[in-house]
Amino acid sequence: MEQQAFIDLIAGSARQSFLTHHLFPSVTIAQAILESGWGQKVPVDPATGRSSYNLFGIKGTGQAGSVTVRSKEVENGVTVERPSLFRAYYNYQQSFDDHAQFLQKPNYKSVLTSATPEQAAQELEKAGYATDPQYAEKLIRLIRTYNLTRYDQFSPTDTLPYPPWKVDLGKRALTEGLLTSPEWLSKLDEPMPVWAVLAVALRLLDQQRNVK
């Protein structure tokens with residue numbers, strides 16, 4: 001598959017990840033390119049030849065189980081190869097959905113609150129998404145080489161689940177530590193349960209005490 005054809009294939013799913021989970025499409029596309037080798041290195045079960053549809057190198061068990069293949073990892077500056085269990089899906093859309101959900105973990109909140117794709121790429125590396133010490137550099141190079149930021153642009157007619165001010169408010173709350181989980185960014189229109197309101201109020205109180 002040609003490079004632009006691969007980008008065209010996955011761009012829609014990447015843009016949907018922004019609408020629902022606030023991930024820069026340019027970064028998501030770059031990750032899919034890098035992790036899957038332009039779709040040519042998607043993990044395949046060596047025994048059955050079954051594709052995992054795993055575009056992001058996420059390990060574990062997915063909706064369609066898992067596949068075991070040999071993968072390269074960087075440990076203490078040394079590249080080693082060993083068998084790894086990768087999540088398997090029934091299609092690429094499930095891979096995108098699971099990737100977005102995977103990044104809802106608290107240690108990735110800086111990725112979602114990043115102001116630019118470049119910053120998001122750097123935060124992915126800092127959070128330990130991959131063992132490659134040049135992971136962010138490679139993502140940024142892909143973004144710039146293929147002008148992937150064009151997929152970050154949305155027109156007024158695009159369906160956005162929340163107005164921009166709500167998204168900005170949610171991201172600021174994450175940055176300030178009032179919200180601890182990025183999952184709240186996908187629940188901006190839902191009422192917060194009482195325990196969550198109390199937790200935010202107590203964090204505010206703790207911050208005020210620390211200032212004094």
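Trainee: Of the contacts between residues at least 6 apart in sequence, what share joins residues at least 24 apart?
Mentor: In this predicted model, 60% of those contacts join residues at least 24 apart.

Trainee: And which secondary structure does the chain have?
Mentor: The chain has 8 helices and 2 strands. Along the sequence, the order is α-α-β-β-α-α-α-α-α-α.

Trainee: How much of the chain is buried?
Mentor: Of the 212 residues in the chain, 41% are buried.

Trainee: Which residues have the most contacts inside the largest nonpolar core?
Mentor: They are Ile29, Ile33, Leu55, Leu103, Leu124, Tyr129 and Leu148, in a core of 37 residues.

Trainee: Which elements give two or more residues to this core?
Mentor: Those elements are helix 1 (3-21), helix 2 (25-36), helix 3 (92-102), helix 4 (109-112), helix 5 (117-126) and helix 6 (135-145).

Trainee: Which of them gives the most?
Mentor: Helix 6 does, with 6 residues.

Trainee: Let us take Leu124. What is it in contact with, leaving aside neighbours within four places in sequence?
Mentor: Leu124 is then in contact with Val27, Gln31, Leu103, Tyr108, Val111, Tyr129 and Leu139. Of these partners, Leu103 and Tyr129 are also listed with Leu124 among the residues with the most contacts inside the largest core.

Trainee: Which residues does the second core include?
Mentor: The second core is separate and has 5 residues, among them Ala64, Val67, Phe86 and Ala88.

How values were computed
Residues numbered from 1 in each chain as written. Predicted model: local features only at pLDDT ≥ 70, side-chain atom pairs only at ≥ 80, totals over all residues. Heavy atoms only, no water. Helix = DSSP H or I, 4+ residues; strand = E, 2+ residues; numbered from the N terminus. Buried < 20%, exposed > 50% of the residue type's maximum accessible area, 1.4 Å probe, protein only. Contact = heavy atoms within 4.5 Å. Core = buried A, V, L, I, M, F, W, Y, C linked by side-chain atoms within 4.5 Å.
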